[in-house]
Amino acid sequence: MSNNALNHRGIARRAFRSSFTLVATIAIASLALTSHPALAAESGFEGVAWGATQAQLKAALGERLATRACPEEQQEEPELKRYARACGPYIEDYTIDGISFVAFFGLRGIEGPLSAIYLDRAATVTNEQIKAGKGAEFRYNRVKKVLAERHGRPERVSETSARPRDKPAVLLAEWVSGDTTITLTETIVSEARGQQYYLSVVYAPKAQVPEAR
């Protein structure tokens, strides 16, 4: 991942945090952090299994998977601070219906096991795109449609109908597929020129397994 790309995403995320608090999104993502995956359970993402090591991820995902070294101080940060992280194994350009995400693979420690998968996209749309019916929600709905085709009807949906321009809107859909919970969220902030949005898909183990002693 280029330094320019990393800086762009860092700036976008800092702009989001300065505009509002991502309480709902972080609460959803935290589901991933309370689970310890069973080694044989499928994640529902590209045939990758929960508990996979970095070497196993590379074997499953091939040349698409890249790795960025983590500074020592960042390795010590709680995983919940993942919005600022840009290290470890990742896929630079993972697409769902033509919509590009950065896919991060959350490992417990440097080599694993795999405990969560995060697909992140921070971007903007213009007023012209919104008028043409291709605003932020248009992208959310495209991803939601693909996930529904893969996993069926969502178990839970929360999509605010009343959306004042001075407050962020949060859209959510959640599926349970086998041993995995898949959560799609989009946070939308209206501005004079259009909309800023943060679109996220989180794959997390459904059941908590006791830590190995």
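Visitor: What does pLDDT do over residues 78-85?
Guide: In this predicted model, the pLDDT of residues 78-85 stays under 50. For this stretch the model has 24 contacts beyond four places in sequence.

Visitor: Over which other residues is the pLDDT below 50?
Guide: The mean pLDDT of the protein is 76, and 67% of its residues reach 70 or more. Over residues 2-39, however, the pLDDT is below 50. That stretch has 73 contacts in the model beyond near neighbours in sequence. Where pLDDT is low, the predicted coordinates should not be read in detail.

Visitor: Which elements have the lowest and the highest mean pLDDT?
Guide: Helix α2, residues 23-33, has the lowest mean pLDDT among the elements, at 37. Helix α6 has the highest, at 95.

Visitor: Let us turn to the sheet. What is the order of its strands?
Guide: The sheet is open and has eight strands, in the order β1-β2-β3-β4-β8-β7-β6-β5, with antiparallel pairing.

Visitor: Why is one side of β1 and of β5 left without a neighbour?
Guide: Strands β1 (65-68) and β5 (156-159) stand at the edges of the sheet and each has a single partner strand, so one side of each lacks a neighbour there. On average, neighbouring strands of this sheet are turned by 20° against each other, direction ignored.

Visitor: How many bridges are there between β3 and β4?
Guide: Strand β3, residues 99-107, pairs with strand β4, residues 114-126, over six bridges in the antiparallel sense. Within this pair, F104 stands opposite Y118 in β4.

Visitor: And the helices: which strands does α3 touch?
Guide: Helix α3, residues 54-61, packs on the sheet and touches β1, β2, β3 and β4. The direction of α3 makes about 145° with that of β1.

Visitor: What about α6, which strands does that one touch?
Guide: Helix α6, residues 136-151, also packs on the sheet, touching β2, β3, β4, β5, β6, β7 and β8. Its direction makes about 170° with that of β7.

Visitor: Back to α3. Which of its residues are buried?
Guide: The buried residues of α3 are Q54, L57 and L61. They lie on the same side of α3, because they cover an arc of only 55° around the axis. What covers them includes β1, β2, β3 and β4.

Visitor: Which exposed residues are on the face turned away?
Guide: The face of α3 turned away from its buried side carries A55 and A59, which are exposed.

Visitor: What follows α3?
Guide: Residue G62 follows α3, and its phi is positive, near 65°.

Key: Residues numbered from 1 in each chain as written. Predicted model: local features only at pLDDT ≥ 70, side-chain atom pairs only at ≥ 80, totals over all residues. Heavy atoms only, no water. Pairing = 2+ DSSP bridges. Helix = DSSP H or I, 4+ residues; strand = E, 2+ residues; numbered from the N terminus. Axes fitted to C-alpha atoms, helices over the stretch in contact; angles between N-to-C directions. Contact = heavy atoms within 4.5 Å. Buried < 20%, exposed > 50% of the residue type's maximum accessible area, 1.4 Å probe, protein only. Arc of directions from axis to C-beta. pLDDT = per-residue confidence, 0-100.
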